[in-house]
Amino acid sequence: MPYKKGEPILWEHLTWDEAEAICKKVGMAIICVGAIEQHGPHLPVNVDISINYEIGKRISAATGVPVLPPIYPGVSESHGFAGTLYVRPETLSMMMYDICRSLYEKSRVKKILVINGHMWNQAANLAIRDNIRCDYEDLQIRVLNWWDFDKEVYALVASDCPLGRSLHANIGETACMLAISPELCDMKKAKRLKVDTPEYPHFWDYREEEMTQSGVMGSAATKATAKLGEKILSLAAGKLIAEVKKALKEKPRYRAPNKLARPPGGEGAKKK
């Protein structure tokens, strides 16, 4: 399928020979991993995959790097609200590891960007990264959260979460969804939200229903607009597009000697 300039390259739409040609050319792929979980009464449960997949598609359109089908559900068991689906951290990590392994072994992809859309996926994502680094010395991988990889982006997304501990269905996420899928948002319900001190000083990490009755973490969801959402999406995607263009050319600064190298004839061969 010929792709027009400025359109994202969606992995699932490729034939095998197209995938082979694209991977040979760019050698990189984007994986967006999110969640299916409650986001208050005014937003759908697909927020955490919708936002980062939108960013991933924009990166793909600008760089020619293919983006895989979005990965979800995520590590969301800590959300005790209806509508939430979840897997355990080790389940997500093993599936993501196998996806990365298949990219490397079948399509010769040697650069993988994992864009995370859900806070509690972090441990699983880092486990993926570290297992990949253990097993594939020449595979470059980076995992990052779309909302906090950059200070300027985070300031916009979390403007109503002053402590910076949690944000969920807040002004930033609501705004992004108004820009992406306004038909799935019910701002009439947002107007009825009660702010139940969604951010307060605490030492332990708690389940969502132990911190909020509405499912919202943030005090200004009602002030969200599609204009703000597009500003956030454009800023995040723009910064990552610039980084990916540089990352496509980046090589390791040093290369350690291959400790597994053996003399011709096998491990026991003697030098003449």
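A residue counts as exposed when its relative accessible area is over 50%, and as buried when that area is under 20%. Trp-204, at 56% relative accessibility, is therefore exposed. The model discussed here is a predicted one.

**Aromatic pairs**

Two aromatic pairs are present in the structure. A pair of aromatic rings is described by the distance of the centres and the angle of the planes. The table lists these values.

| Pair | Centre to centre | Angle between planes | Class |
|---|---|---|---|
| Tyr-104 and Tyr-136 | 4.6 Å | 50 degrees | tilted |
| Phe-203 and Trp-204 | 4.7 Å | 85 degrees | edge-to-face |

Tyr-104 belongs to helix H3 (residues 89-107), while Tyr-136 sits in the loop between helix H4 (122-135) and S3; the pair therefore ties together parts that are 32 residues apart in sequence. Tyr-104 is buried, at a relative accessible area of 17%, and Tyr-136 is also buried, at 10%. In the other pair, Phe-203 has 67% relative accessibility and counts as exposed, and Trp-204, at 56%, is likewise exposed.

Six of the six residues of S2 are buried.

S2 has parallel pairings with two strands: strand S1 (residues 28-33) is joined to S2 over six bridges, and S3 is joined to S2 over six bridges. Together, S2, H4 and S3 form a right-handed β-α-β unit.

**The largest pocket**

Rolling a probe the size of a water molecule over the atoms shows where empty space is left. The largest pocket holds about 730 Å³ of space. Its lining consists of 26 residues, and those nearest the pocket centre are Gln-140, Ile-141, Arg-142, Ala-247 and Glu-250. Strand S2 (111-116), strand S3 (140-145) and helix H8 (226-247) are the elements that each give two or more residues to this lining. H8 gives the most, with five residues.

Which kinds of residue, nonpolar, polar or charged, make up the lining of the largest pocket? The lining divides into 13 nonpolar residues, one polar residue and 12 charged residues.

Technical notes:
Residues numbered from 1 in each chain as written. Predicted model: local features only at pLDDT ≥ 70, side-chain atom pairs only at ≥ 80, totals over all residues. Heavy atoms only, no water. 1 Å grid on protein atoms, 1.4 Å probe; cavity = no way out; pocket = protein on both sides within 12 Å on 5 of 7 lines; lining within 4 Å. Points joined across faces, edges and corners; volume = space filled by probe spheres on them. Helix = DSSP H or I, 4+ residues; strand = E, 2+ residues; numbered from the N terminus. Nonpolar A, V, L, I, M, F, W, Y, C, P; charged D, E, K, R; others polar. Phe/Tyr/Trp six-rings, centres within 6.5 Å; stacked < 30°, edge-to-face > 60°. Buried < 20%, exposed > 50% of the residue type's maximum accessible area, 1.4 Å probe, protein only. Pairing = 2+ DSSP bridges. Right-handed = clockwise from strand over helix to strand, strands pointing away.
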